[in-house]
Amino acid sequence: MWSDKESSEDYLNFGEVSQLAVDVLTTNDMLPVSIGVFGNWGAGKSSLLKLIEQKLEQDEKDWIVINFDSWLYQGYDDARASLLEIIATSLTKAAEGNSSLIEKTKKLLSRVNGFRVMGLLAESIALSTGIPTGGFLYRGINSFKNIITNGIQSQEEYKDLSDTVKEGKDIANNLIRPEATKSPPQQIDEFRKEYGNILEELGKPLVVVIDNLDRCLPVNAIHTLEAIRLFLFLTNTAFIIAADEDMIRSSVADYFKGASQRHQIDYLDKLIQVPIRVPKAGVREIRSYLFMLYAIEYGLKSEKLTNLRNSLETALQQSWKDEPITRQDALKITGESEDSSLALAFARADRIAPILANSPIIHGNPRIVKRLLNVVKMRSQVAKRRKMPLDEAIITKLVIFERCVGVDGTADLYYLIDIEQGMPQILSQLEKSGGKIPDDAPKTWTDNPTTKDFISQWAQLEPLLSGIDLRSAIYLSRETMPIGAYVMGLSPSGREILNALIGAKNTSSPSIISLLEKLPQEEQVPVMEGLINQLRQISDWTYKPKGFAGACLLARYSTDAATILIRYLHELNSETKQPPWMNAALKSEKWNKDT
């Protein structure tokens, strides 16, 4: 198994990209500067940040490096105040041994309390005008809104309101300092001056590394970016901000109601002076990544791992003129024989790298690749404990099919395996025809051209499956990870939207409609698959089940998702009579009428 966290080792030839950021930071007269590290979820942004930090540690300048995880503070504190406090605290630590400077940093830290109070006031104003916020005031304002709408209904509501008001007073009394009596512009100006003086006296450059910004709710993401503006153009300061550009722009649209597309683009462009994009991993990068993952899982000693990584990295850097490092050369570097289990793993990497890199569902995403391999390992371990004669290569091939074809297409394959004693004729036809899909193939395999092309390539992937009894493999699949129970590759926001749709009680929820506008096209079908998996658990359809309203909402938004839902409803109606509530619910749905 492999840990699903950022790596401090370079497995994808990110070294050259990280060096670009370091070159910007270390060039004379480049500071102050803001650098954006842009990439999709799971593309390797966090790992790239780690590599940048490592290179800065080796720089002749004594950098003050501050890490800020904006997602960590979501719901617990004002993101703006948290960032200011962490910076001020780090400066206090850097000033150790200099008593006069420490006094200045402590004064800077005390100012943060004033900013915190201003942040609370800003939240109260924002909530009253409909802007969503998190943190302390959320509960209080909800109390006020309930009372405005319904009046005080009980003694408990009165007590809850009283407690909230008292808590607000206590917090304000503890945070307010004499400096906080100044106006916000005065506070900001004083903060910037004191900060600049401290850095100048320290004589050290400071870089703030901000990660997980695109995991935050829109208000927290914008608050963090607003805090960064306080430090822009201040001496000896740099910011490195890792984020998904599209997610941030959708946060701008959500936070600044009615913002034009031009404003969404300009907002980020004005904050980021140097954009750096995480390169998409191609076949060679994914192959090298797989080699390293398999070598780690094999238990290769650190010295040999380092030699293998260096050789793979050098080969990637020379890929514009040289062939990739051969499997045999990789084995020589590790000192392992051609009949070792590592050799089998490397051979498997050679086979699956092209499909993992080129599949529009996996798209060479390192995190998806790692999670997919972890599913394979879980199933392989269960198979070994039960003494099931299953080759890991077969499990891998089936897991790739599940990931790329989706719930319904996988269900159709497993149905054919069930009724044909583990060896469906269609697999033999696919393999013998070079991947040509038969006319009588399931519609889930042929309706979507992307799925159809994938299955054609997948069928030719070794090991070939015709003539192999696959019943134990699908039994293991269903038991260890029920079809559709995991929607691999969904980003955090994708999972958030899936959960929101499952919980939707009706099809007129403005908050969920707003979320759907942020759902990328590549995640529309996986989210619908997750909803249908929820519906498959329902045995009694007398009443509208959880997840049905959400599925209808998504079908309105996405034609591809609607196609999958319609197919499922036809399947359902062939098994059970359509209940009256469903007739009424579907009667006005345009996506249903169009069929």
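**Close-up 1. Phe346 is a buried residue of this predicted model, with a relative accessible area of 0%.** F291 and F346 form one that is stacked, with 4.2 Å from centre to centre and 10 degrees between the planes. Because F291 belongs to helix α11 (residues 283-298) and F346 to helix α14 (residues 341-358), the pair ties together parts of the structure that are 55 residues apart in sequence.

**Close-up 2. The rings of F548 and W581 form an edge-to-face pair.** The ring centres of F548 and W581 lie 5.0 Å apart and their planes stand at 90 degrees; since planes over 60 degrees apart count as edge-to-face, the pair is given that description. F548 is found in helix α24 (residues 548-557) and W581 in helix α26 (residues 580-587), and the pair links these distant parts of the chain, which are 33 residues apart. Both residues, F548 and W581, are buried.

**Close-up 3. Y255, F256 and Y267 are linked into a cluster by ring pairs.** A separate panel of this view turns to a charge and a ring, where K397 lies over the face of W458, at 4.9 Å from the ring centre.

**Close-up 4. Five strands make up an open sheet with parallel pairing.** The strands follow the order β2-β3-β4-β1-β5. At the edges stand β2 (64-69) and β5 (274-277), and because each has a single partner strand, one side of each is left without a neighbour in the sheet. Averaged over the sheet and with direction ignored, neighbouring strands are turned by 15 degrees against each other.

**Close-up 5. Strand β1 (residues 33-38) and strand β4 (residues 237-243) run parallel and are joined by 6 bridges.** Within this view, V37 can be located opposite A242, which is in β4. Helix α2 (residues 45-57) packs on the sheet, where it touches β1, β2, β3 (206-211) and β4. The direction of helix α2 makes about 165 degrees with that of β3.

Conventions:
Residues are numbered from 1 along each chain as its sequence is written. This is a predicted model: local features need pLDDT of at least 70, side-chain atom pairs count only at pLDDT 80 or more; totals for chains, interfaces and linings use all residues. Side-chain values use heavy atoms; hydrogens and water are left out. Rings of Phe, Tyr and Trp (its six-membered ring) pair if their centres lie within 6.5 Å; planes under 30 degrees apart count as stacked, over 60 as edge-to-face and the rest as tilted. Helices (H or I, at least four residues) and strands (E, at least two) are DSSP runs, numbered from the N terminus. Buried means under 20% relative accessible area, exposed over 50%, partly exposed in between (1.4 Å probe, protein chains only). A charge sits over a ring if NZ of Lys or CZ of Arg is within 6 Å of the ring centre and within 35 degrees of the ring normal. Two strands pair if DSSP finds at least two bridges between them. Axes are lines fitted to C-alpha atoms, for helices over the stretch in contact, and angles run from 0 to 180 degrees between N-to-C directions. Contact means heavy atoms within 4.5 Å.
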